[in-house]
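Welcome, and take a moment to look over the sequence and the model before reading on. We will go through the structure one topic at a time.

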Amino acid sequence: MLPTHSEQAPRRELCEQKPSKVEGGRNFGDGLFKWITAGFAASAVILLAAMVMQMTRASALSIQRFGFGFLVGMDWDPVQEIFGAFPFVFGTVVSSVIALLLVIPIALGVAIFLAELAPGWLTKPLGLLVELLAAIPSIVYGLWGMFILAPWLLKNVYPILEKTLGFLPLFQGVPQASGRGMLAAGVVLAIMVLPTVASVSRELMVSVPKGYREGVLALGATRWEAIRVAVLPNVVSGIVGAIVLGFGRALGETMAVTMLIGNRAEISASLFAPAATIASMIANEYAGSSDELYLSVLTELGLVLFVLTLLLNMASKLLVWRVGRMPGVERSL
Amino acid sequence: MRIAGCIAVAILGLSIGCKPSDTTIDKKSDASKLLTQSEKIIEIQGAGASFPYPLYSKWMAEYQKVDPRIRVNYQSIGSGGGIRQVMEKIVDFGGSDAPMVDEELAKAPGKIFHIPTTLGAVVVAYNLAGVVGLKLSSEVVARIFLGEIKNWDDSAIAALNVGVVLPSQPISIVYRTDGSGTTAVFTEYLSKTNAAWKEKVGAGKSVKFPIGLGAKGNEGISGQMKMAPGSIGYVELAYAKQAKLAYAFIQNSQGRFVEPSLESVAAAADSVAGRIPEDLRVSIVDASGELSYPISAFTYVLVYEEQADLSKGVELAKFLWWAIHDGQKLGAPLHYAPLPSQVVTKIEAKLREMRVGKQMLLTAKN
C-alpha cells in the first residue's frame with residue numbers, strides 16, 4: 001500500500017510546480033490561490049492515507065491471525081472462526097467482468113449511434129435518457145432485478161443458454177428457483193454501468209473534429225468506414241478509460257448485487273449458481289456483528305476490495321498508455 | 001434556535017398528548033408551563049435489534065403522551081450493532097435479540113443489565129401452493145436445511161403430514177445473511193435439538209449454511225421466497241404475518257405440533273418463568289410445556305446498572321418501567337407476546353437497582 005502513495009506524491013508535486021514556473025509572477029493573490037488549491041489536492045491524499053491506516057489498524061487482529069491465508073482461503077465459517085476471502089474476491093471480479101462483457105458492445109453501440117448516426121432531434125433526449133439510468137438508485141435496480149429481471153431470466157434466458165451453450169460448464173447446473181445468482185447480478189450490473197461507459201464514450205466521439213470524418217468521407221468511404229478509420233482510433237484510449245471507470249463502479253456496487261447474487265461464499269463454475277461479493281458481504285454482515293474478530297475480518301475484506309480497485313486502476317493506466325502507443329492510433333493522429 | 005425548536009416540538013407533543021380530553025384553556029396553561037421548562041427536554045438514545053423495532057417505535061410515540069418531556073429514539077441497526085454501541089456508550093440503551101455472552105460482558109466498561117422487553121418467535125415459512133398448516137419436526141427442519149431432504153414429497157415430510165398432498169418439487173432454501181438475532185435463535189434451536197446440525201453447522205448470528213441462498217433482512221427473505229415456489233426459510237412471526245407467508249406447525253419437546261402464535265410463545269416463556277436466572281439471560285428455545293412453541297426467544301434492552309447522568313438515568317428507568325407494564329398491552333396488535341408476570345417481577349427488581357453513584361433512580365412509589 002504505502003509505496004504507491006510515495007509514488008504518487010512526487011508526481012503530484014511535479015504537476016503543481018509546473019504552472020508556477022511558467023507564470024513566474026510574484027502576485028500575492030496567486031501565491032495564496034496556489035496554496036489553497038494545493039491544500040485541497042493534499043486533502044484527498046491525506047484522507048486516503050488516513051482511511052488505509054485506519055482500516056489496516058482495524059483489521060490488525062484478522063491480519064495477524066490469518067495472514068496471507070486469508071486471501072486464498074476458500075472456506076467461510078463464522079462459527080468455527082475460519083475465514084477465507086477468496087470466494088468473495090472471485091465473486092466480485094467475475095460479476096464485474098460479466099457486466100463489462102455485456103456492456104461494452106451495447107455501450108459502444110449507443111455511443112456511436114448518438115455521436116455519429118442519430119438525427120439531431122433525437123440525440124439530446126436519447127442521450128439524456130441513457131444518462132438518467134445512472135440516476136436510478138441502486139436499491140431500485142435491486143428490487144427490479146429481484147422481482148422482475150431474475151424471474152424473467154430464469155424463464156426466458158437460462159433455458160436458451162443451457163440449450164445452446166450448455167456444453168460449457170459456465171451454463172450448466174440447475175438455476176435457483178428465484179433466478180438469482182452470478183449471471184443475474186452481472187446483468188443488472190451491466191445496466192447500471194451502461195450510462196457511465198456510454199456517455200463518456202459519446203463525449204469522446206463528439207470531440208473528434210468534424211474535418212476528420214469529412215476527409216475520409218470525401219475519399220469515398222462509407223459511414224462505417226469513416227467511424228472506424230477517423231473516429232474510433234482517436235478515442236480508443238479514452239474508451240478504455242471509460243470502461244475501467246465502469247469496472248470500478250461494478251466492483252464496488254453493493255445494494256443491487258446483494259439482492260441478486262444469492263450471497264453464498266462459494267466458487268462455482270456455473271454462472272447460474274449463487275455467489276457473493278466483497279461489498280455485499282460487508283453490507284450484509286457488518287451492522288449485525290459484535291464479535292471483535294469478525295469485525296476485524298470484515299474490515300480486512302474492505303481493505304482487500306480497496307487493494308483490488310487500486311490494482312485495477314494501475315492496470316488501466318498501463319492499458320491506456322499502451323493503447324495510446326498502438327501503431328494504428330498513431331497513424332490516424 | 002435550538003430552544004425554539006425544542007419548544008415547538010414540546011408543544012406539538014403536548015397537543016397530541018392532550019387531544020382526547022383537555023379543553024383549549026387547559027392546553028394553553030399547560031403549554032405556557034412547558035415553555036418555562038423547555039430546557040428540560042430529555043433525549044434518550046437507543047439502537048440495536050430490528051426485530052422489536054415496530055413495538056419500540058410504538059412505545060416511543062405512546063410514551064410521549066405519558067411524559068411529553070421525553071424523546072426516546074431507537075435506531076434499528078441489528079443486534080450486534082446494539083451490543084457494540086452500548087459497550088462504547090454511544091447510546092443510552094442497546095437492543096439485542098441474543099443475550100450478550102460473558103466475554104462481551106467482561107469487556108464492557110460497567111455492569112450491564114439485560115431487560116427482557118417482549119417475546120418473539122421464529123417461524124419456518126414456506127411457499128407451496130395449496131399447502132396450509134404444514135407440520136414439521138426439528139429433525140426434518142434440520143435435515144432440510146442441511147440439504148439432506150431435497151424434495152417436498154420426501155417420505156420424512158409426508159410421514160408428518162398424513163393426508164396432505166405434497167408436490168414433487170425441489171426444496172429451495174433461503175437464509176438470512178445479515179448477522180441477525182433471528183438466525184441466532186433459529187440455529188440455536190436446531191443445535192439444541194439436532195446433533196448433526198450442532199456438529200456440522202452450529203449456532204450463531206452468522207453461520208455457514210450448507211445449502212441455499214442468502215438474503216438480506218426479513219424483506220429479502222420474503223422477496224426471495226415469493227419469487228421461488230418450493231422455497232423454505234425462517235422469519236420472525238410478526239414479519240411472516242405482515243408478509244402473509246405460510247408457516248409451519250413445529251413439533252415441540254412434548255411431541256405436539258404447535259402453531260406459532262402469541263399464546264404459544266407466551267406459553268414457552270411461562271414454562272421457564274420459574275427458573276429464570278438472576279441476570280435474566282435465558283433461552284426459551286425448545287421449552288418444555290404442552291403448548292410451547294419451540295423456536296421462541298426474549299428480546300432484550302441492554303442498560304448500565306450505573307448511569308452517568310442523573311436526570312437522564314431516572315427517565316430511562318421510568319421509561320423501561322412503563323415499557324414492561326403499560327407498554328406490554330401495545331404488543332398484541334403487533335404480534336408481540338407480553339412478558340409473563342413472574343418475569344416482570346424480576347425485571348422490576350433489576351430496574352430498582354439502576355443508580356447514579358449511590359442514588360437509586362427509581363423511588364419506592366413506582
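With 32 C-beta neighbours inside 10 Å, does Asn263(A) count as buried or exposed? Before the answer, please keep in mind that this is a predicted model. Asn263(A) counts as buried, because 20 or more other C-beta atoms within 10 Å are enough for that label, and this residue has 32 such neighbours. You will find Asn263(A) in the loop between α11 and α12 of chain A. Its backbone deserves a look as well: phi of Asn263(A) is near 50 degrees, a positive value in a residue other than glycine. As background, most residues other than glycine have a negative phi.

Lys244(B) is not a glycine either, and its phi is positive, at about 55 degrees. This lysine is found in the loop that runs between α11 (237–243) and β9 (246–247) of chain B.

Now let us turn to where the two chains meet. Chain A brings 24 residues to the contact and chain B brings 32 residues. On the side of chain A that touches chain B, the elements giving two or more residues are β1 (76–77), α7 (138–165), α11 (255–260) and α12 (278–285). Of these, α7(A) has the largest share, with 4 residues. Sorted by class, this side of chain A holds 11 nonpolar, 9 polar and 4 charged residues.

From the contact we can move on to the largest nonpolar core, a set of 174 residues. The members that touch the most other members are Val188(A), Leu260(A), Val123(B), Val124(B), Ala125(B) and Leu320(B). Helix α8 (residues 182–206) of chain A gives the most to this core, namely 16 residues. In chain B, domain 1 (30–118 + 299–360) and domain 2 (121–275) both give residues to the core, so it lies between them.

How are the two domains of chain B placed? Their centres, taken over C-alpha atoms, are 31 Å apart. Domain 1 puts 18 residues into the contact between them, and domain 2 puts in 19 residues. On the side of domain 1 that touches domain 2, α4 (79–87) and α14 (341–353) of chain B each supply at least two residues. That side of domain 1 divides into 11 nonpolar, 6 polar and 1 charged.

Our last stop is strand β6 (residues 172–176) of chain B, which is mostly covered, with 5 of its 5 residues buried. In a regular strand the side chains alternate between the two faces of the sheet. In β6(B), Ser172(B), Val174(B) and Arg176(B) point one way, while Ile173(B) and Tyr175(B) point the other way. This strand has two parallel partners to trace: it pairs with β8 (residues 231–236) over 2 bridges, and with β7 (residues 213–215) over 3 bridges. Ile173(B) stands opposite Ile232(B) in β8(B), and Arg176(B) has Ala215(B) in β7(B) as its bridge partner.

How values were computed:
Residues are numbered from 1 along each chain as its sequence is written. Chains are lettered from A and ligands numbered from 1 in the order in which they are written. This is a predicted model: local features need pLDDT of at least 70, side-chain atom pairs count only at pLDDT 80 or more; totals for chains, interfaces and linings use all residues. Two residues are in contact if their C-beta atoms, placed from the backbone, lie within 7 Å. Ala, Val, Leu, Ile, Met, Phe, Trp, Tyr, Cys and Pro count as nonpolar, Asp, Glu, Lys and Arg as charged, and the others, Gly among them, as polar. A nonpolar core is a set of buried Ala, Val, Leu, Ile, Met, Phe, Trp, Tyr and Cys residues joined through C-beta atoms within 7 Å. A residue is buried if 20 or more other C-beta atoms lie within 10 Å of its own, exposed if 12 or fewer, and partly exposed in between; C-beta atoms are placed from the backbone. Domain bounds come from an automatic or database domain assignment. Two strands pair if DSSP finds at least two bridges between them.
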